[in-house]
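The entries are in the order in which I looked things up.

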Amino acid sequence: MDTVVIVDGANVVGSVPDRWWHDRHGAAVRLRDSLASPGGQSAATGPVEIVLVVEGAARSVAPVPGVRVEAASGSGDDLITELAAAAMGAGRPCVVVTADRQLRERVTRYGARCAGPRSVRRRMDTV
């Protein structure tokens, strides 16, 4: 069964002060593209389903092959928690990529594992 890797887009993009705030949509697109590229994610091993959760100015980012994009109409953390709970409830392994301590606490209650932004940011630097 594929591991669901849920990426907290705002948190991962915001983990490096590279002036992303001048183009939030563009930063989310670069993250999405890095996740879609071969070797773009390393938060889990084996087959994965990558879900990028976006919010705010990045809500219009479109999915690409290999990356499902979920736009949060409200709190991105709430949507990530719902997605993690659904994956775990369906018996699917789940990894949430975020540095947000409160979000980590929320999703681990459902049994999800967590990884930090570096687990996917490494690849962004080459895109």
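I worked from a predicted model, and I found an open sheet of five strands in the order β3-β2-β1-β4-β5, with parallel pairing. I noted that β3 (67-71) and β5 (113-115) stand at the edges with a single partner strand each, so one side of each is left without a neighbour in the sheet.

Entry two, strand β1. I looked up burial along this strand and found that six of its six residues are buried, so β1 is largely enclosed by the rest of the structure. Both faces are covered, with T3, V5 and V7 buried on one side and V4, I6 and D8 buried on the other.

V5 faces two partners in my notes, standing opposite I50 in β2 and opposite V95 in β4. Further out, I found five bridges joining β2 (residues 48-54) to β3 in parallel, with V51 opposite R68 of β3.

Entry four, the helices. I saw that α2 (residues 24-36) lies across β1 (3-8), β2 and β3 and runs at about 175 degrees to β2. Helix α3 (residues 76-89) lies across β1, β2, β3 and β4 (94-97), and I noted its direction at about 175 degrees to β1.

Note on methods: Residues numbered from 1 in each chain as written. Predicted model: local features only at pLDDT ≥ 70, side-chain atom pairs only at ≥ 80, totals over all residues. Heavy atoms only, no water. Pairing = 2+ DSSP bridges. Contact = heavy atoms within 4.5 Å. Axes fitted to C-alpha atoms, helices over the stretch in contact; angles between N-to-C directions. Buried < 20%, exposed > 50% of the residue type's maximum accessible area, 1.4 Å probe, protein only.
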